[in-house]
Amino acid sequence: MPLLARPAFAASALPQLIDALVEQGWFIGEGFLDAELCHDLHRELAEMAEREALAAAGIGRGDEHQLRRDIRGDAIRWLDRESLAQRRYLEAMGELQRELNQALYLGLFEYEAHFAHYPPGAFYKKHLDSFRGRANRVVSTVGYLNPGWPADGGGEMAIFAVDDPEREVARVRPEAGNFACFLSEDVPHEVLPTRLPRASIAGWFRRNASLGGRVDPAR
């Protein structure tokens, strides 16, 4: 009989995550994700980058989508369950979605996520993941995959206050296992310039914004 995979994250951390979202709009969990899972995902992303299987990331959706390397410099690939590691990660986020819906009645409908590879010197300027009333991203997540990230490696995600977008309230070191979760419409954040190749998975829990029987596009 095959051995069962270890949990992708500690369920005991979920109450703290939910409380933090309610109280301040964001949560940071150091060592939140399973180390073995992060290793497998990091290796997968590194192989994609090596064979140039990533696409330059843009800003905006639909007709407003454009490449702006002066705003963001990462390359991405959407998760599609093609590997066991991707399936484990997405199943874990499905568990988180159920917990958030049960505790906070958010009506989260689905989850989308992509690998993000930042080459040395890349950054992502301050932004919101969703503009109020214009999109349906509700809760954002970032899982970090970089083992042994040095103190001077850069690439931290800076989080700013909901009521004062100029006031920085936290930084997330992109060390493997670290995890950030925040309200997409409310929490400004940015990725500071990185000195080393930086690997992560960015994701969003969404509400269903379908109109007239047409499902709102996922990306």
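Trainee: What should I know before I start?

Mentor: The model is predicted, so local features need pLDDT of at least 70 and side-chain atom pairs count only at pLDDT 80 or more, while totals for chains, interfaces and linings use all residues. Residues are numbered from 1 along each chain as its sequence is written, and side-chain values use heavy atoms, with hydrogens and water left out.

Trainee: How many helices and strands does the chain have?

Mentor: Helices (H or I, at least four residues) and strands (E, at least two) are DSSP runs, numbered from the N terminus. Here the chain has three helices and 11 strands. In sequence order the pattern is α-β-α-β-β-α-β-β-β-β-β-β-β-β.

Trainee: What share of the residues is buried?

Mentor: Buried means under 20% relative accessible area, exposed means over 50%, and partly exposed lies in between (1.4 Å probe, protein chains only). Of the 219 residues in the chain, 49% are buried. Take Ile-18, found in helix H1: this residue counts as buried because its relative accessibility is 11%.

Trainee: Which residues does Ile-18 touch?

Mentor: A contact means heavy atoms within 4.5 Å. Leaving aside residues up to four places away in sequence, Ile-18 touches Glu-99, Leu-100, Ala-103 and Leu-104. For the chain, residues 24 or more positions apart account for 79% of the contacts with a separation of 6 or more.

Trainee: Which residues of the largest nonpolar core touch the most other members?

Mentor: A nonpolar core is a set of buried Ala, Val, Leu, Ile, Met, Phe, Trp, Tyr and Cys residues joined through side-chain atoms within 4.5 Å. The largest one has 39 residues, and Leu-17, Phe-32, Tyr-89, Met-93, Leu-100 and Phe-179 touch the most other members. Helix H3 (84–104) is among the elements that give two or more residues to this core, and its seven residues are the largest share. A second, separate core of 10 residues includes Trp-26, Met-157, Ala-180 and Val-187.

Trainee: In what order do the strands of the open sheet run?

Mentor: Two strands pair if DSSP finds at least two bridges between them. The open sheet of four strands has the order E5-E10-E7-E8, with antiparallel pairing. Strand E5 (124–127) and strand E8 (164–172) are the edges, each pairing on one side only. Strand E7 (residues 157–161) and E8 pair over five bridges, and Phe-160 has Glu-168 in E8 as its bridge partner.

Trainee: How many salt bridges are there?

Mentor: Side chains of opposite charge can pair when their charged atoms come close. A salt bridge is a side-chain nitrogen of Lys or Arg within 4 Å of a carboxyl oxygen of Asp or Glu. By this rule there are 15. Glu-168 is partly exposed because its relative accessibility is 35%. Salt bridges that share partners also join Arg-6, Asp-34, Glu-36 and Arg-88 into one network.

Trainee: Which distant parts of the chain does the Asp-152 and Arg-195 pair link?

Mentor: These two side chains meet in a salt bridge at 3.6 Å, N to O. Asp-152 is in the loop between E6 and E7, and Arg-195 is in the loop between strand E10 (189–191) and E11, 43 residues apart. Both Asp-152 and Arg-195 are exposed.
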